[in-house]
Amino acid sequence: MRPNFLPPGLVSNLQDVLSSRKGAPQNNDSTEPNSDPVEVDDTKPVVLVTNADGIESPGLTYLVDALVRLGLYNVNICAPQSDESTAGHSFTLKESIAVTSAEIHGATAYEVSGTPLDCVSLALSGALFSWSKPMLVISGINKGSSCGRHMFYSGVVAGARESLFSGVPSISISLDWKKDESQESDFKDAVGVCLPLINAALRDIEKGVFPKCCLLHVEIPKSPLTNKGFKSTRQSHWSLKLCWQAISASRNPAAGRFVPNQQMLGLQLAQLGRDASAAGAARRLATQKNNIEEVESVGVSGKSDSNRKVKYFRLELLDKKQEEEDEDLDFRALENGFIAVTPVSLSMHVEADVHAAATEWISTALEVEQ
């Protein structure tokens, strides 16, 4: 089994436990990514590419290849190790993330065992790359639409949003991927149609005329080469319906390891999981001694499994009828074959009439309570 089939943190914990059982010496030295100086052509602008689908996804691969072939930019990559497409604007706290150099021709690349936000924040912190600040951050190309309210869940939009938080212009890009219809070559076509917008953005950033108060989210239709052109759009209220389905323990693969009457392999896996949790707790506490018996009480709750009932649920996304008909909304433009370009602001200000209504309610409610 390849390590990347499991969460990197779990793999690391399991390796610690197995090493300790074999009597192997523990390596407590912190591991740092390759810190050798990166040769940067100062005459070329720096572009940082990230995504949410993972560093090996075709959307990122085709995009980076096109940017490198242009020869106009210093292309750098800091992307998640695995799929984080629905991570939203989440980050990793109280846990270490692993950063590994990656081989992508013509670009300096790192894969990160974290979220898109982790990737962008780390890249812009100055702790990883030799440059101080990129000219543009590009997040994508994501597999699947991120229109409307899905921008709140979207990891690809979050990567661009985090860049804007740090004062760096950004663009996020999604392809309207359709199951059983789309194919990998669509990503290559998507790069071709959005590359003029990327080049225009870099040109105008240098001139100081690119928008500074928002990011641009780009939605490419399912058949990129037959698009009707770029269209400036507004964020809609479009979203899929979140539907939770109850799953029996017998149908849940993860549950099979822990149900009563399990086979010896299941028992061994469960024990390894508990030991791995303990090892992770020990590492987070930065203890210098590796005493598995001592830290197992940290990793195990101490509650009897027989007294606890476990239920399993699985989330499914269902289509629902969209009531909004405005042709300038992002999902409508996408449905009509346009490349939808939506400015996304960081402002959380409430509209004046909504604020007035809320203020009136607060005052009235408090008077009644008093």
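Let's start with a definition: a residue is buried at under 20% relative accessible area, exposed at over 50%, and partly exposed in between, using a 1.4 Å probe and protein chains only. What we have here is a predicted model, where local features need pLDDT of at least 70, side-chain atom pairs count only at pLDDT 80 or more, and totals for chains, interfaces and linings use all residues. Residues are numbered from 1 along each chain as its sequence is written, and side-chain values use heavy atoms, leaving out hydrogens and water.

First, Lys94. Where does Lys94 lie? Look in the loop between β2 (74–80) and β3 (99–104); strands are DSSP runs of E with at least two residues, helices are runs of H or I with at least four, and both are numbered from the N terminus. Is Lys94 buried or exposed? Lys94 counts as exposed because its relative accessibility is 71%.

Asp180 is not a glycine either, and has a positive phi of about 70 degrees. You'll find Asp180 in the loop between β6 (170–175) and α6 (185–207). With a relative accessible area of 76%, Asp180 is exposed.

Now please turn to strand β5 (residues 136–143), where Ile141 sits. Which residue is joined to Ile141 by a cis peptide bond? That is Gly140, and omega is about 5 degrees.

Last stop: Phe313. This residue lies in strand β10, and Phe313 is exposed because its relative accessible area is 52%.
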